[in-house]
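Here is a short briefing for a first look. Start with the structure, then read the points by topic.

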Amino acid sequence: MKKVIGIFLILIASQSVFAQSGWQNTFYQYVSAINKLVKVGDSTYCAFCYDGKNYFKTTNGGLQWNTFQFSDSANYRILDGKFLNSNTGWIVGNNYNNTKGVVLKTTNGGINWQPLNSDSINSYCKSLSLLNENTGWVVSRGSASFGNLYKTTNGGNTWNTTQFLNSQNMQRVKFFDNENGWVCGFDKVISKTTNGGLNWTNKIVNNVANYTYVFYSDIYPVSMNECWALLSANNLSNVTNLVYKTTDGGDNWTLMYSYTDGLNGNSSSIWNIEFTDSQTGYLSGGFNFIAKTTNGGINWNSLSTSIQIYSILPLNNVQILAGGINTQNTAIVLKSTDEGGSWNQIFSNRNYNFVGVYFKDFQNGLAIEEKGVIFRTSNGGTSWNKIYENSSYVFSLIKFPSDTNGLIFCNAGKFLRTSDFGNNWTELTTPLAESKSKVIFINELTGFALGTGQNLYTTSNGGLNWNIINVPLTGGDFTPLSGYSDMSFINSNTGWMCAAAYTYIPHGQGFYSYSNVIKKTVNGGLSWYIVYSSSSSFQYKTLKFFTENRGWTWISNLILETTDSGFSWNVLNTNPTFIYKKLEMFNESTGWIGGSDYIVKTTNAGVNWFLQLQENGINVNSIFIKDENNVWFTGSNNRIYKTTNGGGIISAINQINSETPNNFSLSQNYPNPFNPSTKINYEVKSSGFVSLKVFDLLGKEVASLVNEKQNAGSYAVVFNSSEFNLPSGIYFYTLNAGEFKETRKMVLVK
């Protein structure tokens, strides 16, 4: 999660993340990992996150932790930090939403942080070295060909830049005084200066074994003569971690430690090296152990931990803090008082997987987390408070037949009911001990629920009691396919159910026979008749009807429409870019689909879908629509997103034709000049990774419209310049697809 070895680091770091102001994550109290521990003073420490608005501070050695939010409410990934005294400290990292490098400073012990003047720092900062309040250095990632070292002598008001060629990812900087310092770059760069950075001398680790790939992960200089280097090496298989030491200023290096991960194809690595003096040092990373030496690297002991260690902070000869994450995605800080022999957990924050949200008005809402936790907000999501927790429940759905009467559906046929908008909850049960995959309320009293075992339940008293309706969807020797059933009701009488099943037919080596069926009721489920059946292996697993005749079904990246109540189906939209997961419609024209890592919207009844948000790790679980502008969705990794303007548009990617073109091509945008939107057409001859990016006159990337694998076909992308706050001017857009590359010019006129 923190670092990836070899060429994969460069690939991932270069990927663009789509985000825009139309959607905002409102839940930042909890984070995915403790990424950096920083000592403020005796018994006072700060814990910074891998990804979050918040950070944590203790003033009593970790017994209690207070939560703080960054002054500008930005979402930061903090990678390094140092306090000069109990009040003044600096931290560096990047803004997670736009990957811009950040340097932040506090003068009140970490209660507030203010950005320093770092406009020239365009990419994430990895390490800092401070001499005093005025003088400091920061290293950051640069372009594809060089990395950057920044120096300030006026407390961060201005910065001077030094570039290191052939080292895009700078890892560490350490200065002992104004003249003497070291830097390390991932791409085999270790350099030192003895004249304040006017000149730099490379110090290559000169006796590394013959590996296909070798990278310099970290260094720890003890003095200008003594320095430790952490290397990662591989031959496209297991990762080997190598620790070297020099005592003559880098002219000669001696191998002091090596460790090879035995996980073929998914090897972890050591990320960090820290020394308290020339004898005592620590190695930490993607393993549940820390390697420690107390005799200058001659011997190393493995100290077992229960988590992956992202940051280690030795407090003295016997006490150590370690921060990271466990296998349940819980952010944790451990403390040892016996030199690492044993560890106590002194801080934890679990990574929440939100599966549902409901708002009775624009301010008051409830969100449910998978493992039995309920949160409430009374200020539109600005803050969330935990009001209920019971780990014996597994929550799946939240529904409110009225503004105050609500239901949360759980495992084993149980559900919780409230009549006062969540102040009190009562456990009730449905007839069978199965979870519910979908719930629809027609009005305050009448509702339908679909069980995971393909059973249909009905209620006529707002969910107090439920009855089972037998719907014979599959029969004979056919076994229902789990997850391939759904229902849709447009009123208390008219509804549809679909299901898929299979059976094994011995024939030679044998094969599977499939049964797909859609049934309809017009009397509230008392009787059903078939409107569609198929023996195809292509299962229609979801349903959404708008009227008596018009409805949708979809699977994977294909949406089909019926206009005759389900008797026949025609392809409405197909797009290899989107894998449909959760769909909610406000009306027949406007709706949203959530998938893994994205949200898309339609305003023309599914003919076109517009990309609004693309962000790694979203994994949308539910969508709640209050009105056409106010929409919420929940997902994994602490996601409770909202929009108050309908979500806006980043770009619209539509496959015009799936026929294989004869050539790759990029068309001139239309209209051109344009304001604010224009359409770009292109053709892809063969399946592969495709990128379409927009650049300004200086060659700076200002928008990434396509950055994914696409099948052969013809595509159209809508580029909305207003989402990127672009001024009038000349821009260039470039299509990269395999060996094909073409650039065209377009003009924005406001």
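This is a predicted model: local features need pLDDT of at least 70, side-chain atom pairs count only at pLDDT 80 or more; totals for chains, interfaces and linings use all residues.

**Strand 55**
- Strand 55 spans residues 631–635.
- Five of its five residues are buried, so strand 55 is largely enclosed by the rest of the structure.
- In a regular strand, side chains alternate between the two faces of the sheet.
- In strand 55, V631, F633 and G635 point one way. W632 and T634 point the other way.
- All of these residues are buried, whichever way they point.

- V620 has G635 of strand 55 as its bridge partner.

**Pairing with strand 56**
- W632 has K642 of strand 56 as its bridge partner.
- Strands 55 and 56 form a hairpin with three residues between them.
- In that turn, N637 has a positive phi of about 55°.

**Nonpolar cores**
- The largest nonpolar core holds 26 residues. W384, F395 and I408 touch the most other members.
- Strand 30 (354–359), strand 31 (365–369) and strand 32 (373–377) are the elements that each give two or more residues to this core.
- Strand 30 gives the most, with five residues.
- A second, separate core has 22 residues, including F674, I680, F719 and L735.

Technical notes: Residues are numbered from 1 along each chain as its sequence is written. Side-chain values use heavy atoms; hydrogens and water are left out. A nonpolar core is a set of buried Ala, Val, Leu, Ile, Met, Phe, Trp, Tyr and Cys residues joined through side-chain atoms within 4.5 Å. Buried means under 20% relative accessible area, exposed over 50%, partly exposed in between (1.4 Å probe, protein chains only). Helices (H or I, at least four residues) and strands (E, at least two) are DSSP runs, numbered from the N terminus. Two strands pair if DSSP finds at least two bridges between them.
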